[in-house]
Amino acid sequence: MSSLKKAACFIKKILTSSTALLTASLVAASVSQGAQNVRRAQTVFDPGNEAGNCFTSNFRKRNKHDCFTAEIPFERLFKAGLTLPAQDLVLLDEIAFNNGGYDAIRLWNDKDAEALMQMEHRERRDYLLHLKAESQNGALLSRLIYAQDGTFHKFDHRFKSPFSVYETLHVRPDGPSSLEEISDLIRYSVIFEPKTYTDKTLRIMNALNERGFELISLWNAWCDVRYPYKAINTVLRNEKGSLIEIQFHTPEGALINDRTHKDYEKRRLFAKNTPQYQKLLKRQFAMISDLETPRNVKIMQTFNHQTNKKAA
């Protein structure tokens with residue numbers, strides 16, 4: 001099946017019977033003498049016609065068997081004017097419906113649609129391929145975490161959003177120069193109780209090491225007085241070379257981190273010596289003043305983490 005036909009099938013799957021008319025932008029690729037020329041074509045699907053009725057029937061069958069809700073994750077993106085090459089649209093469909101990323105992509109909004117379109121072609125392609133490869137790591141980590149009576153915090157936020165990726169690469173004054181340098185494209189937040197936190201974090205790290213994961217860095221922020229963020233952050237590389245970040249929180253620490261995250265997002269856009277940065281930093285420190293420190297957490301030593309260059 002050609003890329004254009006795959007994209008057309010993808011667009012049909014994102015329509016519902018409640019949508020009277022949805023305009024989506026597709027890209028058809030024509031190859032001539034080894035060079036690919038991309039042209040844009042506007043395709044309108046009307047659920048009221050024969051093709052639309054056929055799709056609606058197929059979607060209901062799929063919805064019944066796969067327990068999807070009627071809210072389609074891509075509808076808001078297309079309404080925001082999302083225009084991507086056909087092969088990237090197909091990738092989005094595979095991430096959502098074949099690789100278990102439906103819950104994460106449905107959180108994307110108009111800013112994410114705009115960011116996807118502003119990314120360079122290779123940058124966007126690499127980003128989507130990273131998201132497609134996430135499901136295997138997620139399944140493994142889930143088994144390990146539940147075996148230790150742990151839980152995930154905001155599992156549907158494990159994908160770094162397109163807007164955040166674009167901002168990291170092109171807006172932040174101290175941001176990385178390439179996608180390969182972003183360690184938290186895939187990020188899991190794990191919660192353990194303070195009394196067993198250190199022991200169970202070590203068990204997870206040992207189990208991942210036994211399964212071929214290499215520890216790239218570890219930051220014990222509990223023992224770092226310079227930052228208003230308390231957790232253990234680890235970056236690991238699997239056997240295929242993909243990076244993932246795992247953050248280990250306590251229940252109270254995770255809640256405080258959620259409450260102060262907007263201040264952190266604002267703070268990282270300023271240089272450290274500016275009044276705006278210092279004001280936000282002070283407010284974050286006030287929030288963690290009474291946070292309980294996990295038992296024996298000092299034995300987890302920071303490894304290969306450049307805290308002098310990068311905040312939490």
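How much space lies in the second largest cavity? I read about 50 Å³ for the second largest cavity. A cavity here is a set of points on a 1 Å grid over the protein atoms alone, where a 1.4 Å probe fits but cannot get out. Volume is the space filled by probe spheres set on the points, with grid points joined across faces, edges and corners.

I noted the ground rules next. This is a predicted model, where local features need pLDDT of at least 70, side-chain atom pairs count only at pLDDT 80 or more, and totals for chains, interfaces and linings use all residues. Residues are numbered from 1 along each chain as its sequence is written, and side-chain values use heavy atoms, with hydrogens and water left out.

**Cavities**

I searched the whole structure and found two cavities of 30 Å³ or more. I listed the lining of the second largest cavity: H130, A133, E134, N137, I186, S242, L243 and I244. Lining residues have an atom within 4 Å of a point. Helices (H or I, at least four residues) and strands (E, at least two) are DSSP runs, numbered from the N terminus. By class I got four nonpolar, three polar and one charged residues for the second largest cavity. Ala, Val, Leu, Ile, Met, Phe, Trp, Tyr, Cys and Pro count as nonpolar, Asp, Glu, Lys and Arg as charged, and the others, Gly among them, as polar.

The largest cavity holds about 60 Å³ of space. Its lining is P228, Y229, K230, H249, G253, I256, N257, T260, I288 and L291. Helix α11 (residues 251-267) supplies the largest share of that lining, four residues. I sorted the lining of the largest cavity into five nonpolar, four polar and one charged residues.

**Second largest pocket**

I then turned to the second largest pocket, with a volume of about 250 Å³. A pocket is an open set of points with protein on both sides within 12 Å along at least five of seven lines. I found 13 lining residues for this pocket, and Q136, N137, F213, N238 and K240 lie nearest its centre. N137 also lines the second largest cavity. α8 gives the most to the pocket lining, with four residues. The pocket lining has three nonpolar, six polar and four charged residues.

**Helix pairs**

Two packed helices are described by the angle between their axes and the distance between the axes. Axes are lines fitted to C-alpha atoms, for helices over the stretch in contact, and angles run from 0 to 180 degrees between N-to-C directions.

I took α11 and helix α12 (residues 275-287) to begin with: their angle is about 170 degrees and their axes are 9 Å apart. α11 is therefore roughly antiparallel to α12. The cut-offs are under 35 degrees for roughly parallel, over 145 for roughly antiparallel, 65 to 115 for roughly perpendicular, and oblique for the rest. On the α11 side, I256, R259, T260, D263, Y264, K266 and R267 make the contact, and on the α12 side Y277, L280, L281, R283, Q284 and M287. Contact means heavy atoms within 4.5 Å. I counted six nonpolar, two polar and five charged residues in the α11 contact with α12.

Next came α8 and helix α10 (residues 197-210), at about 140 degrees with axes 10 Å apart. That angle makes α8 oblique to α10. L140, L141, L144 and I145 of α8 meet I204, A207 and L208 of α10. This contact has seven nonpolar, no polar and no charged residues.

Last, I checked helix α6 (residues 110-118) and helix α9 (residues 162-170), whose axes come within 7 Å and cross at roughly 50 degrees. α6 and α9 are therefore oblique to each other. K111, D112, A115, L116 and Q118 of α6 meet P162, F163 and Y166 of α9. I sorted the α6 contact with α9 into five nonpolar, one polar and two charged residues.
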